[in-house]
Amino acid sequence: MSGRELFCQPRRVRRGAALTLVFAGLLVTGAATGAFPDPARSDRRTTGGAARPDAGHEDVTRAAAEAMADGKSPMEAAERAVSRSGDRWAAVYSEGEYQEFEEALDGQYTGVGLWARRERDGRIEVSKVQAGSPAAVAGIHKGDRLRSVDGSDVEGRPVTDVVSLLRGDATDARAGTTVTLGLGRGTRAWTETLRRALLSTDSVTVRKLPAGITVIKVSAFTRGSGELVRDAVRRASADAGIVLDLRGNSGGLVSEAVTAASAFLDGGLVATYDVDGVQRALHADPGGDTARPLVALVDGGTMSAAEMLTGALQDRGRAVVLGSRTFGKGSVQMPTRLPDGSVAELTVGHYRTPSGHTVDGRGITPDLEVGTEALKRAETVLSGLGDPS
């Protein structure tokens, strides 16, 4: 098992995977989220008017306000109200966590630039060091052993816990705060104190297989990722197919997922959704590549906006979907800012694929169930789809 410092927050997953609609125009998400465009803004591909907070939001806001007036924690009061609501996807986030979501959607995160994995014997090993990061500057290398974080022994602990320590989740640590790592390399053991920084991530990576097939891996729909997918499609070999790898994609900005859909569709419906009973629709831009053979890879970690994209490509016959059933996160949450700056989110609606299928709680079933050999099977399927010309 391995992890890095972005989209690997166990605390966020436990609190809820928010599929968020933000009326201020800024779309923000948690670890397994998709954010719907603001329906009141004309630059978004939706129809319909703005939604209003429902009774659930009013109850949570009232509980938080009463707690503050009594000198108690508004966030804790909101969490109790959310728990009573029975809303599966409802969540309450601290101000610091919500700010991190905004950074993540800009393709940024606060950390030291380490990826980690746990070995069979329980040791935590550095699996990658981001170039130019505080960890790289300090001389930490891939293969180094991570023994402790701020004095806490990490051997044998889940990677998600280690990542949380590196990021300083318990204290909502920001860029500029320090973290002390206990490290080992061979017989050498030492400590290194690093200063966390705001780092950039690569949410879209592109590579070519020997047969000329282009593999576009999208780890999350951060701002600008949709256009990166479009650019990758334009640059792909004309005589070979494309694999769109959405495995482990935790969601992100739905507007970016729609842009990615526009790379493969010539306009038309991507999804419909409702907010407080008002129906709206998302449409692709015209002019996408509709001829080149396409396979989409998915798994149980494919969530939210990534599921919406998968459903659109599958329902419209544009891609053959390979892998395992997706996560099943297809509900819409609306955020409410609480008196102490924390944010509560409750479900206000759900989205459907172009054929009208509900994703929430069901996920998307691939056309072909594939396990560990997914990429190899994708090559075989693409060869069977034939020359796009």
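This is a predicted model: local features need pLDDT of at least 70, side-chain atom pairs count only at pLDDT 80 or more; totals for chains, interfaces and linings use all residues.
**Helices α7 and α8**

Helix α7 spans residues 225–235 and helix α8 spans residues 254–262; their axes lie 7 Å apart and meet at an angle of about 15°. Because angles under 35 degrees count as roughly parallel, α7 and α8 are described as roughly parallel to each other. The crossing of α7 past α8 is right-handed. On the α7 side, the contact involves Ser 225, Gly 226, Glu 227, Val 229 and Arg 230, and these meet Glu 256, Thr 259, Ala 260 and Ser 262 of α8. By class, the residues of this contact comprise 2 nonpolar, 4 polar and 3 charged.

The table lists the contacts of each residue, leaving aside neighbours within four places in sequence.

| Residue | Residues in contact |
|---|---|
| Ser 127 | Trp 115, Ala 116, Arg 117, Lys 142 |
| Thr 193 | Thr 178, Val 179, Thr 180 |

Ser 127 belongs to strand β6, which covers residues 124–129. Is Ser 127 buried or exposed? Its relative accessible area is 15%, and buried means under 20%, so Ser 127 is buried.

Thr 193 lies in strand β10, formed by residues 188–195. Between Thr 193 and Thr 178 there is a separation of 15 residues in sequence, while their C-alpha atoms are 6.6 Å apart in space. The side chain of Thr 193 also forms a polar contact of 3.0 Å with the side chain of Thr 180.

Conventions:
Residues are numbered from 1 along each chain as its sequence is written. Side-chain values use heavy atoms; hydrogens and water are left out. Axes are lines fitted to C-alpha atoms, for helices over the stretch in contact, and angles run from 0 to 180 degrees between N-to-C directions. Helices (H or I, at least four residues) and strands (E, at least two) are DSSP runs, numbered from the N terminus. Angles under 35 degrees count as roughly parallel, over 145 as roughly antiparallel, 65 to 115 as roughly perpendicular and the rest as oblique. A crossing is left-handed if the near helix is turned anticlockwise from the far one by less than a right angle, and right-handed if clockwise. Contact means heavy atoms within 4.5 Å. Ala, Val, Leu, Ile, Met, Phe, Trp, Tyr, Cys and Pro count as nonpolar, Asp, Glu, Lys and Arg as charged, and the others, Gly among them, as polar. Buried means under 20% relative accessible area, exposed over 50%, partly exposed in between (1.4 Å probe, protein chains only). A polar contact is a pair of N or O atoms within 3.5 Å; within protein, one must be able to donate a hydrogen and the other to accept it, and residues adjacent in sequence count only if both atoms are side-chain atoms.
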